[in-house]
Amino acid sequence: MSEAALPTLLVLGAEPPPRLGGLTGRVRIQFADATTLAAQLPSADVLLVWDFASHAVRSAWPGDGPRPRWVHTASAGVDHLLSPELAASDTVVTNARGIFDQPIAEYVAGLVLAMAKDLPGTWRLQGHHEWRHRETQRVARNHACVIGAGPIGLAIARTLEALGITTAVVGRTPRPGVRGADDLGPLVAAADWVISAAPLTDATRGMFDARFFGLMRPSARFVNIGRGPLVVEADLVEALEKRWIAGAALDVFEEEPLPPGSPLWDTPGLLVSPHMSGDTIGWRDDLATQFVEMYERWEAGEPLPNVVDKERGYVRGA
């Protein structure tokens, strides 16, 4: 088959580029950035959003001409690309479900242990050559509430359970092993650890606000590895400064990178990490391998996994 007759795969790029050697000779690969994406969309059969931090798709999708039949994002969240026009189209959208579940669960477990055992305090004291004995918190027999019943939330629950933490998972609707939204308030009020793993939708944006933090126990801690805009950051700062809650850890933020002047850097009891909870050594290769396998299914006319419900903003059943 001549190159002109090959399907066109458009990659919204980021460095390093994906390793797609398995598609050599089967697809014509072109690269785009935020400035060229709109002009290149009409000629693409498939769009791979490799730059998962970019919002270029939302602004470039509306316009004249045909659009790719399939869009895949190398991320779990899809809020950065779902414009109203894309949501209303016949284009299939898929995500990288399955790649980040266990790495994020391990990261959350690490945060829980670090806060319970005051590892940041130990590191600070070591830097001052100061020997200060303290007592730390036991996590076994604690209670956790994980908000978000997708694969990431369920992996977090399994990992916390392995530490002896009794864990309840809350989703949009109840199902076996998952509590419904009506149970959220009482579960949060009883939890030692509240973990946000929810998708970002119109219904969840800003859900972690002053009222929510007011439900938590003064000894409880909050962790967000979901999406930054889930949290009203000013309300979290106030909750920590006024000791409404004992501590928090954020891996995602309303604005990324977090500006140097953000008050979050210096908020007492807050651990800040730069959106890295799912990024383990080799993760980019895992994402590329997943996409190549999905492309082979698409090429063969087989149903794709990880299809996003564009109305809800996440994969059904997640």
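1. A residue is called buried when its relative accessible area is under 20%, exposed when it is over 50%, and partly exposed in between, using a 1.4 Å probe and protein chains only. This is a predicted model, in which local features need pLDDT of at least 70 and side-chain atom pairs count only at pLDDT 80 or more, while totals for chains, interfaces and linings use all residues. Residues are numbered from 1 along each chain as its sequence is written, and side-chain values use heavy atoms, with hydrogens and water left out.

2. After the helix comes glycine 164, whose phi is positive, near 90°.

3. Which residues of α6 are buried? They are Pro151, Ile152, Gly153, Ala155, Ile156, Ala157, Thr159 and Leu160. These buried residues pack against α4 (101–116), β6 (143–147), β7 (166–170) and β8 (193–196), where contact means heavy atoms within 4.5 Å.

4. Side chains of opposite charge can pair when their charged atoms come close. A salt bridge is counted here when a side-chain nitrogen of Lys or Arg lies within 4 Å of a carboxyl oxygen of Asp or Glu, and by this rule the count comes to 12.

5. One of these salt bridges joins glutamate 296 to arginine 26, with the closest N and O atoms 3.4 Å apart. Glutamate 296 lies in helix α10 (residues 283–299) and arginine 26 in the loop between β1 (8–12) and β2 (28–32), so the pair ties together parts that are 270 residues apart in sequence. Glutamate 296 is partly exposed at 35% relative accessible area, and arginine 26 is also partly exposed, at 24%.

6. Arginine 217 and aspartate 192 also meet in a salt bridge, at 3.5 Å from N to O. Arginine 217 lies in the loop between α8 (210–215) and β9 (221–224), and aspartate 192 in the loop between α7 (184–190) and β8, so the pair ties together parts 25 residues apart in sequence. Arginine 217 is partly exposed, with a relative accessible area of 32%, whereas aspartate 192, at 11%, counts as buried.

Conventions
Helix = DSSP H or I, 4+ residues; strand = E, 2+ residues; numbered from the N terminus.
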